[in-house]
Amino acid sequence: MEEEDPAANKINRLTLAYCVISGLDILHALDRVDKESVINWVLSLQAHPKNEGTLENGQFYGFHGSRSSQFQSNDSGASTPNGSHLASTYCALAILKSVGYDLSRIDAELLLKSMKNLQQPNGCFMPIHTGGETDLRFVFCAAAICSMFKNWSGMDWEKAKEYIISCQSYDGGFGLIPGSESHGGATYCAVASLKLMGFIDEDALSKNARCHCINVPLLLEWGLQKQAVDGGSQGRSNKPTDTCYAFWIEGVLRILRADKFINKKALRESLLTCQSKYCGFSKFPRLLPDIYHSYYGFCAFSLLKEPALNSLSVELGLTDVAAIGLQSFGL
């Protein structure tokens with residue numbers, strides 16, 4: 001087996017930290033971390049404009065994924081101070097909420113005003129202010145950020161809704177962009193975003209549900225078909241089951257209040273085949289565990305109502321305790 005390059009995930013340190021902190025929160029184990037140090041580290045990765053006038057330059061003033069993106073250099077060798085990223089910003093705010101930091105201490109108006117620059121004419125979002133791809137992942141990040149701040153000035157949610165609708169495929173699932181193959185992660189991003197924006201009711205399967213902007217019956221059929229014969233969840237048709245998709249698919253069905261149709265015993269048994277003797281979870285059975293799949297394994301078990309695990313706010317990707325703000329930590 002090749003030795004993993006230790007620098008390979010350097011730019012994703014904030015994302016990995018999100019998996020660790022939120023995972024510990026699910027496990028009721030946040031007492032094992034120094035919350036003040038976590039808060040100070042996350043806040044140190046925030047981008048700040050030099051002055052009010054720089055807000056008009058189209059840049060996004062969110063959070064950097066790591067020190068390497070915070071101080072990267074351009075071709076001339078000059079420092080490029082703002083490489084903040086929409087996904088990193090979602091992870092930063094999620095970490096802060098998990099450890100009980102009061103988000104009102106962050107200048108939400110500034111962050112959201114600059115985030116609106118990332119929304120494209122078709123309603124989608126770029127993750128950075130220049131040169132980024134656009135797809136449903138970043139619509140979800142934007143919706144979750146607005147939800148955590150309880151301030152929707154950072155996006156035009158009607159345009160975002162129309163973009164999401166355009167990504168639903170003929171089979172009921174959602175692709176990352178219009179016309180692409182249905183995918184478990186993309187479908188979660190679409191459905192969670194609509195839920196956060198208030199376009200999906202609690203009784204989404206009811207004939208009287210307010211939102212049928214998407215084809216819910218076809219989506220339900222697609223989601224239920226993603227539980228494979230081994231009990232696990234597939235991200236796409238004809239693909240092997242994978243630990244992380246147990247959350248993406250089960251999460252979609254939970255939002256639709258359709259998780260009662262899952263064979264939970266079979267899903268649980270499938271997930272356990274990916275649990276390592278080293279205590280984490282791997283992508284497939286008999287592989288080494290990793291942070292990403294361990295976290296989404298914990299999420300899946302939380303949705304399966306495993307005893308002693310914190311419950312999840314599925315559409316936000318946090319525990320209910322963190323999402324509601326019952327934890328508090330003052331600095």
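The following legends describe an overview and several close-up views of one predicted protein model. Residues are numbered from 1 along each chain as its sequence is written, and side-chain values rest on heavy atoms, with hydrogens and water left out. Because the model is predicted, local features need pLDDT of at least 70 and side-chain atom pairs count only at pLDDT 80 or more, while totals for chains, interfaces and linings use all residues.

**Figure 1. Overview of the protein.** Of its 331 residues, 53% count as buried (buried means under 20% relative accessible area, exposed over 50%, and partly exposed in between, with a 1.4 Å probe and protein chains only). Among contacts (heavy atoms within 4.5 Å) with a separation of 6 or more, 65% are made by residues 24 or more positions apart. The protein exposes about 15,300 Å², of which carbon and sulfur atoms supply 52%; accessible areas come from the Shrake-Rupley method with a 1.4 Å probe, and for residues only the protein chains shown count as cover.

Figure 2. The whole structure holds 15 aromatic pairs. Rings of Phe, Tyr and Trp (its six-membered ring) pair if their centres lie within 6.5 Å; planes under 30 degrees apart count as stacked, over 60 as edge-to-face and the rest as tilted.

**Figure 3. A lysine charge over the ring of Phe199.** The charged end of Lys161 sits over this ring, 4.8 Å from its centre. A charge sits over a ring if NZ of Lys or CZ of Arg is within 6 Å of the ring centre and within 35 degrees of the ring normal.

**Figure 4. Helix α9 and its buried face.** In helix α9 (residues 216-225), the buried residues are Val216, Leu219, Leu220, Trp222 and Gly223. Seen down the helix axis, they fall within an arc of 165°, so they line one face of α9; the arc is that of the directions from the helix axis to the C-beta atoms. These buried residues pack against α8 and α10. At the N-terminal end, Asn215 caps α9, with a side-chain oxygen 3.1 Å from the backbone nitrogen of Leu218.

**Figure 5. The surroundings of Ser182.** Ser182 lies in the loop between α7 (157-166) and α8 and counts as buried, at 4% relative accessibility. Its side chain and that of Asp171 are joined by a polar contact of 2.6 Å. A polar contact is a pair of N or O atoms within 3.5 Å; within protein, one must be able to donate a hydrogen and the other to accept it, and residues adjacent in sequence count only if both atoms are side-chain atoms. The Ser182 side chain also reaches the backbone oxygen of Gly173 at 3.5 Å. Leaving aside neighbours within four places in sequence, the residues in contact with Ser182 include Ser169, Phe174, Trp222 and Arg236.

**Figure 6. Ser270 in helix α11.** Ser270 is placed in helix α11 and is buried, with a relative accessible area of 11%. Its side chain reaches the backbone nitrogen of Gly232 at 3.4 Å. Apart from neighbours within four places in sequence, Ser270 is in contact with Asp230, Gly231, Gly232 and Thr241.

**Figure 7. Two loop residues with positive phi.** Lys150, in the loop between α6 (136-149) and α7, has a phi near 55°, a positive value in a residue other than glycine. Lys150 is exposed, with a relative accessible area of 67%. Arg257, in the loop between α10 and α11 (264-272), has a phi near 60°, again positive in a residue other than glycine. Arg257 is partly exposed, at 39% relative accessible area.

Definitions and conventions
Helix = DSSP H or I, 4+ residues; strand = E, 2+ residues; numbered from the N terminus.
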